[in-house]
Amino acid sequence: MVFQERTYRVLIVSSSEKFNTSVRQLLPTAEYWPITTARSVAEAKRCLLEQPCDIILINAPLPDDFGMRLAIDICNSSNAGVLLLVKSEVYSGIYAKVVGYGVMTLSKPTSVQMIAQSLRVLCATRERLRKVEERQASLEERMEEIRLVNRAKWMLIQCLGMTEAEAHRYIEKQAMDRRISKRKVAESVLETYQSQTP
């Protein structure tokens, strides 16, 4: 077994106890934890509101809906990997409708090996998406810092009559001298001078 740095939260959406039992055997707790089971679309939605998941397996059809819309909605609203299992007679049509949303589809009946391989693909996909999330969060933080620094510069220009270059140098020098981020300096400047502006 390969050492796992993290585990994947799994939601199995299926009304078939036989399917649930056989899939759970493919999910060692060292890699997949917690594992939650929902028997309907409504129950699955409640579970996802309570706790987001990394991997969702949907065994269609479900008692209250087919499950295709649920798969699409999950892919549209999260970075979870979704595997939709459908009967072989409808596989081509369903695949064509969901592939553009990033839903992985398998036709039933299928082998345990195919499900296991699909789980590995979903884990790899989830890791790629996790890296994208981290880069996006980092970029958003940098953009927020730039906005704060710009607001602070304009505050220094307005309140102290500095030029833009002088305000920029002031913020950079304060950050270096005090060994804090430019963001902290900008927040301090805004806190100090905001009450002085009309």
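The model is predicted, so local features need pLDDT of at least 70 and side-chain atom pairs count only at pLDDT 80 or more, while totals for chains, interfaces and linings use all residues. Residues are numbered from 1 along each chain as its sequence is written, and side-chain values use heavy atoms, with hydrogens and water left out.

I begin with the helix pair. Two packed helices are described by the angle between their axes and the distance between the axes. Helices here are DSSP runs of H or I with at least four residues, strands are runs of E with at least two, and both are numbered from the N terminus. The axes of α6 (residues 164-178) and α7 (residues 182-193) come within 8 Å and cross at roughly 115°. Each axis is a line fitted to C-alpha atoms over the stretch in contact, and angles run from 0 to 180 degrees between N-to-C directions. That makes α6 roughly perpendicular to α7, a term for angles of 65 to 115 degrees; under 35 is roughly parallel, over 145 roughly antiparallel, and the rest oblique.

Which residues of α6 meet α7? They are Y170, I171, E172, Q174, A175 and R178, and their partners in α7 are K182, V185, S188 and V189. Contact here means heavy atoms within 4.5 Å.

I turn now to the salt bridges. A salt bridge is a side-chain nitrogen of Lys or Arg within 4 Å of a carboxyl oxygen of Asp or Glu. By this rule the count is 14.

R130 and D54 form one of them, at 3.8 Å from N to O. R130 lies in helix α5 (residues 112-160) and D54 in the loop between α2 (41-50) and β3 (55-59), so the pair ties together parts that are 76 residues apart in sequence. Both residues are buried, meaning under 20% relative accessible area, with exposed over 50% and partly exposed in between (1.4 Å probe, protein chains only). R130 and D54 also belong to a salt-bridge network with R6, R9, R126, E127 and E133.

Finally, K153 and E164 meet at 3.6 Å, N to O. The pair links helix α5 to helix α6, eleven residues apart. K153 counts as buried at 8% relative accessibility, whereas E164 is partly exposed at 43%.
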